[in-house]
Amino acid sequence: MQLTFIYFSFPFWRSEVAKIALYLGDVAFENRVIDSEEFAGVKSDGMLRDGTVIPFHQFPCLLVDDVPICQTGAIARFCGKLSGVYPKDAPLVAAQIDQYLDIATDITELVFVTGRDKDPETKMQERQTLAATGLARKLRILDKMIGDNGTWIVGDSIGLPDIAIWRLAGWLSCGSIEGIPTEILQPFDNILRVCKAVDQHPKVQAWVAMTYPDDYHRGSFAAAG
């Protein structure tokens, strides 16, 4: 089986959750990076320059023997099954995992929608308000759901929820989102515990060293980890 993962150079959780899952399971794949110009063509035509069809005109996209699969959750679950970090025959455990992928999507969209097509000052104001209200509420709920009963969110080893929350939290707290303070995670001990555990995982550290830019700030928990 030949796998090609197509995404931007930015290590966002939407791609990293599946890529790292494959890496954890020693599943080989090609990591193909696209640029903004090619993305513009995909948005309009649903096709890369070489003619590869991209379903729904969006990324990430995974090619499995030239069959394209889109949507973060679908790709993550497929890759998780290949690598052994997502169950094939345990539907309840699978659903427990899925809910964390879905809440990560909810939080992402919550941030994206604020300031969309707005001037910089309005965007800053909207995101400052969001950080103190809706985003804080979502993170509080997530922290409560994770609980304090173990290192990992579901099961006794690193899995898709841990990777997703680690990169989501890193994005939120790295200082790249105008109006979202880098200390946004500090009240949430359970989220921080998971993020630090993922950040210190040997395979994750190897992946970061191999693929992340030297100056990339993984999140406010990374330095403390």
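Reader: Which helices do the buried residues of α8 pack against?
Author: This is a predicted model, in which local features need pLDDT of at least 70, side-chain atom pairs count only at pLDDT 80 or more, and totals for chains, interfaces and linings use all residues. Residues are numbered from 1 along each chain as its sequence is written, and side-chain values use heavy atoms, with hydrogens and water left out. Helices (DSSP runs of H or I, at least four residues) and strands (runs of E, at least two) are numbered from the N terminus. With contact meaning heavy atoms within 4.5 Å, the buried residues of α8 pack against α6, α7 and α9 (202-211).

Reader: How many of the eleven residues of α8 are buried?
Author: Buried means under 20% relative accessible area, exposed over 50%, and partly exposed in between (1.4 Å probe, protein chains only). Among the buried residues of α8 are Asn190, Leu192, Cys195 and Asp199. Helix α8 (residues 189-199) is largely enclosed by the rest of the structure, because its buried residues number eight of the eleven.

Reader: Aspartate 162 is in α7; is aspartate 162 buried or exposed?
Author: Aspartate 162 lies in helix α7 (residues 160-173). Leaving aside residues up to four places away in sequence, aspartate 162 touches Trp152, Ile153, Ser157, Val194 and Val198. With a relative accessible area of 0%, aspartate 162 is buried.

Reader: How do α1 and α7 lie, and which hand does their crossing have?
Author: Axes are lines fitted to C-alpha atoms, for helices over the stretch in contact, and angles run from 0 to 180 degrees between N-to-C directions. A crossing is left-handed if the near helix is turned anticlockwise from the far one by less than a right angle, and right-handed if clockwise. The crossing of α1 and α7 is right-handed.

Reader: And α4 with α6: which residues of α6 are met by α4?
Author: The axes of helix α4 (residues 91-113) and helix α6 (residues 134-146) come within 10 Å and cross at roughly 165°. The two are therefore roughly antiparallel to each other, and α4 passes α6 in a left-handed crossing. From α4, Gln99, Tyr100, Ile103, Asp106, Ile107, Leu110 and Val111 take part, and they meet Gly134, Leu135, Lys138, Leu139, Leu142, Met145 and Ile146.

Reader: Where does the cis peptide bond sit?
Author: Proline 60 has its place in the loop between α2 and β3. The omega angle is near 5° for the cis bond, which runs from phenylalanine 59 to proline 60.

Reader: Is aspartate 117 buried or exposed?
Author: Aspartate 117 is found in the loop between α4 and α5 (120-132). Its phi is positive, about 60°, although aspartate 117 is not a glycine. At a relative accessible area of 78%, aspartate 117 is exposed.

Reader: What about confidence: which element has the highest mean pLDDT?
Author: pLDDT is the predictor's confidence in each residue, from 0 to 100. The protein chain averages 94, and 98% of the residues score at least 70. Helix α2 (residues 36-45) has the lowest mean among the elements, 92, while the highest, 98, belongs to strand β3 (residues 61-64).

Definitions and conventions
Parallel < 35°, antiparallel > 145°, perpendicular 65-115°, else oblique.
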